[in-house]
Amino acid sequence: VVVIGILALQGAFVEHQDSLERLNLSRPIEIVLVRTLEDLDRCDALIIPGGESTTIALLAKLSGLLEPLRRFVSQKPVWGTCAGAILLADSVTNTKRGGQEVLGGMSITIARNGWGSQLESFEGDITVSGLKDPEVPFKGVFIRAPVVVELKPKSDDPPIQVIASLSPELLPPALQSPDHSGEPKTCVALRQGLHLLTTFHPELTNDHRFHEYFVRECVFPTIS
Ligand code: GLN
């Protein structure tokens with residue numbers, strides 16, 4: 001059985017567990033809430049939930065998980081949502097005083113709370129490639145979400161695929177200013193190698209297609 005961990009130090013890990021449990025998959029999976037090194041060592045793949053990225057990083061450090069998580073990310077499939085997306089980025093701007101520890105793994109720069117104070121949270125339909133029923137839009141729930149500000153793959157990195165964009169015309173009116181309409185600010189889901197990043201929260205909806213996508217595209221192919 002394929003073991004999928006969910007980092008359970010802080011944030012929306014229960015919601016990810018609930019979404020994974022509702023999937024109809026071609027192979028059985030076991031779900032592990034990861035709080036210790038022993039938990040992590042059992043996992044074939046990991047989801048890092050939304051929440052508060054500085055807190056998650058601090059708790060990971062206190063639990064002795066920071067370096068093991070970095071090693072895990074360099075070897076196995078990982079999906080980061082919102083705060084988890086911040087932790088998966090190679091570099092972060094707009095950090096709190098004292099900076100932000102990251103795990104890295106995706107060659108991007110991301111801005112914490114990047115939509116600014118104009119509008120902290122909003123919902124918008126996004127167009128996604130690769131999900132089941134692609135004609136059905138996916139509702140992106142953005143909560144103090146980060147913004148991808150630069151894609152910067154090095155020559156030997158796996159290519160970065162933009163798999164979901166927020167259409168400028170679908171942005172809430174307060175965000176329809178020119179500086180919020182161009183690439184890469186509108187890319188809200190990325191894939192690079194084994195890794196998936198979403199700046200929104202698929203686990204807070206009843207639509208589990210992103211969870212199915214992660215398991216089908218990033219996890220199952222790596223396990224024989
Ligand atoms: N703004 C939060 C952070 O910086 C992320 C918010 C979220 O995960 N919903 O960690």
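The structure is a predicted model, in which local features need pLDDT of at least 70 and side-chain atom pairs count only at pLDDT 80 or more, while totals for chains, interfaces and linings use all residues. Residues are numbered from 1 along each chain as its sequence is written.

**Ligand and annotated site**
- The unreviewed UniProt entry carries the annotation "binding site" for Gly51, Glu52, Ser53, Arg112, Ile143 and Arg144; these residues span 94 residues in sequence, yet no two of their C-alpha atoms are more than 12.8 Å apart, so they gather at one spot.
- UniProt positions follow the numbering used here, with feature names shortened, and annotations may be inferred rather than shown by experiment.
- The ligand is surrounded by Gly50, Gly51, Glu52, Ser53, Cys82, Ala83, Ile86, Arg112, Asn113, Ile143 and Arg144, where a residue is near a molecule if its C-beta atom, placed from the backbone, lies within 6 Å of it.
- By class, this shell holds four nonpolar, four polar and three charged residues, with Ala, Val, Leu, Ile, Met, Phe, Trp, Tyr, Cys and Pro counted as nonpolar, Asp, Glu, Lys and Arg as charged, and the others, Gly among them, as polar.

**Two arginines of the site**
- Arginine 112 lies in the loop between strand 6 (106-111) and strand 7 (121-128), strands being DSSP runs of E of at least two residues, numbered from the N terminus.
- A residue is buried if 20 or more other C-beta atoms, placed from the backbone, lie within 10 Å of its own, exposed if 12 or fewer, and partly exposed in between.
- Leaving aside neighbours within four places in sequence, arginine 112 is in contact (C-beta atoms, placed from the backbone, within 7 Å) with Ser53, Ile86, Val92, Asn94, Thr95 and Pro146, and arginine 144 touches Asn113, Glu120 and Ser121.

**Valine 102**
- Valine 102, in the loop between strand 5 (89-93) and strand 6, is buried, with 21 C-beta neighbours inside 10 Å.
- Valine 102 and isoleucine 86 are 16 residues apart in sequence and 7.3 Å apart in space, C-alpha to C-alpha.

**Strand 4**
- Strand 4 (residues 78-81) runs parallel to strand 3 (residues 45-48), joined by three bridges, and pairing requires at least two DSSP bridges.
- Four bridges join strand 4 to strand 12 (residues 195-198), also in parallel.
- Glycine 80 stands opposite isoleucine 48 and opposite leucine 197.

How values were computed: Two residues are in contact if their C-beta atoms, placed from the backbone, lie within 7 Å.
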